[in-house]
Amino acid sequence: MSSLLQGVNLYLIGMMGAGKTTVGHILAKQLGYMFVDTDDIITQAAKKSISEIFAAEGEEGFRQIESDVLAQVCAHTKLTVATGGGIVLRRENWSYLHHGLIVWLDVPVDLLYARLAEDTTRPLLQDPDPQGKLRSLLEARTPLYSQADLRIPVTAEETPAQIADKVIQAIPSVLKKQQTEENN
């Protein structure tokens with residue numbers, strides 16, 4: 001499979017709680033790639049949590065740091081990259097993402113909420129109605145997420161390994177399509 005990708009990075013996009021990090025680790029192992037989580041790079045570089053960055057810099061400041069990190073990450077190859085849920089909001093990020101294969105882990109709001117209900121570290125969920133907030137974020141981002149090369153619908157019954165297998169099985173269909181478009 002990694003020979004099919006020819007070193008092209010795999011970028012996982014989707015909402016917080018979609019499983020990008022968990023599935024990304026599995027995919028990296030299966031592909032023989034390194035795994036990178038843009039949020040981890042941001043927190044290590046800033047020496048602050050995402051919440052602390054949001055508090056100090058606001059969402060706009062955080063998004064700029066996120067774009068800077070993505071620009072550096074896309075200079076490398078053979079990476080599986082878990083991105084922050086809002087990385088799709090900035091047009092400049094799409095130019096970086098398009099250097100690789102973009103995979104949207106599409107998870108329903110109810111499942112996202114179940115996964116995140118106990119998580120107090122998500123700044124965008126510090127809301128009186130976190131489920132409503134998730135729903136509105138997903139509605140706003142869906143047109144952006146849908147620009148991904150692959151959309152992988154996720155259900156509550158699937159394990160991270162099964163989701164990773166769905167991604168692996170779907171990759172050839174996209175690569176064939178891209179190669180056909182390049183040859184025309």
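**Notebook: pocket and sheet**

I am working from a predicted model here, so every value below is computed from it.

Then I looked up where the lining comes from. Helix H2 (20-31) and helix H4 (50-73) each contribute at least two residues to the largest pocket. H4 gives the largest share, with five residues.

I also sorted the lining by residue class. How many are nonpolar, polar and charged? I found nine nonpolar residues, eight polar and eight charged.

I see an open sheet of five strands, and its order reads S2-S3-S1-S4-S5 with parallel pairing. Which strands sit at the edges? They are strand S2 (34-37) and strand S5 (150-153), each of which pairs on one side only. From one strand to the next, I get a twist that averages 20°.

A reminder to myself: strands of a sheet pair through backbone hydrogen bonds, either parallel or antiparallel.

Strand S1 (residues 10-13) runs parallel to strand S3 (residues 79-82), and three bridges join the two. For a handy place to start looking at this pair, I noted that Leu-12 stands opposite Ala-82 in S3.

How values were computed. Residues are numbered from 1 along each chain as its sequence is written. This is a predicted model: local features need pLDDT of at least 70, side-chain atom pairs count only at pLDDT 80 or more; totals for chains, interfaces and linings use all residues. Side-chain values use heavy atoms; hydrogens and water are left out. Helices (H or I, at least four residues) and strands (E, at least two) are DSSP runs, numbered from the N terminus. Ala, Val, Leu, Ile, Met, Phe, Trp, Tyr, Cys and Pro count as nonpolar, Asp, Glu, Lys and Arg as charged, and the others, Gly among them, as polar. Two strands pair if DSSP finds at least two bridges between them. Axes are lines fitted to C-alpha atoms, for helices over the stretch in contact, and angles run from 0 to 180 degrees between N-to-C directions.
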